[in-house]
Amino acid sequence: TIAELLKETRMKKKLSQEEAANVLHISQAYYSRMERGLREPDITLLKGIGEFSGLSKTPAEYSHLYRW
């Protein structure tokens, strides 16, 4: 899931949630909700999450990570 991807990447990079949120240009509260699986990211944020995580897919290619 995106939540797992975010947490795994943040832990590997040894970042706090606030630092990870700053990288993605979002609030720490929004980041925290995404990492805990309480909030899905906006489609426009997926590219940034991919770059943060070292993935290089287009937003459409991330759609399988969403819970429809």
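Which residue just after helix 3 takes a positive phi? The tour comes to that residue at its fifth stop. The model on screen is a predicted one.

**Stop 1: the whole chain**

Start with the chain in cartoon view. Its secondary structure comes to four helices and zero strands, and the pattern along the sequence reads α-α-α-α. The chain has 68 residues, and 38% of them are buried. Among contacts with a separation of 6 or more, 49% are between residues 24 or more positions apart.

**Stop 2**

Select residues 2-12, which form helix 1. Show the side chains of E8 and K12. These two form a salt bridge, with the closest N and O atoms 3.3 Å apart. Both residues belong to helix 1 and are four residues apart, about one turn of the helix. In an α-helix there are 3.6 residues a turn, so residues three or four places apart point the same way.

Is K12 buried or exposed? K12 counts as exposed, at 63% relative accessibility. E8 is partly exposed, with a relative accessible area of 45%.

**Stop 3: R10 and E35**

A search of the whole structure finds two salt bridges. For the other one, select R10 and E35. Their side chains meet in a salt bridge, 2.7 Å from N to O. R10 lies in helix 1 and E35 in helix 3, so this pair ties together parts that are 25 residues apart in sequence. From C-alpha to C-alpha, R10 and E35 are 9.6 Å apart in space.

Both R10 and E35 are buried. Why does R10 count as buried? The relative accessible area of R10 is 10%, and the cut-off for buried is under 20%. To see what surrounds R10, leave out residues up to four places away in sequence and show the rest of its contacts. R10 touches L15, S16, Q17, A20, Y31, E35 and F52.

**Stop 4: two loop residues**

Move to the loop between helix 1 and helix 2 and select K14. K14 has a positive phi of about 55 degrees, although it is not a glycine. Most residues other than glycine have a negative phi. K14 counts as exposed, at 74% relative accessibility.

Next, go to the loop between helix 2 and helix 3, where H25 is placed. What is the phi of H25 near? The value is near 60 degrees, which is positive in a residue other than glycine. H25 is exposed, with a relative accessible area of 74%.

**Stop 5: helix 3 and the residue after it**

Select residues 28-35, which are helix 3. Colour its buried residues: Y30, Y31, S32, M34 and E35.

Then step just past the end of helix 3 to find the residue from the opening question. G37 takes a positive phi of about 80 degrees.

**Stop 6: helix 4**

Select residues 46-53, which make up helix 4. Which residues of helix 4 are buried? They are L46, I49, G50, F52 and S53. Turn the view to look down the axis of helix 4. The buried residues fall within an arc of 165 degrees, so they line one face of the helix.

What do the buried residues of helix 4 pack against? They pack against helix 1, helix 2 and helix 3.

Finish just after helix 4, with G54 selected. G54 takes a positive phi of about 85 degrees.

Definitions and conventions: Residues are numbered from 1 along each chain as its sequence is written. This is a predicted model: local features need pLDDT of at least 70, side-chain atom pairs count only at pLDDT 80 or more; totals for chains, interfaces and linings use all residues. Side-chain values use heavy atoms; hydrogens and water are left out. A salt bridge is a side-chain nitrogen of Lys or Arg within 4 Å of a carboxyl oxygen of Asp or Glu. Buried means under 20% relative accessible area, exposed over 50%, partly exposed in between (1.4 Å probe, protein chains only). Contact means heavy atoms within 4.5 Å. The arc is that of the directions from the helix axis to the C-beta atoms.
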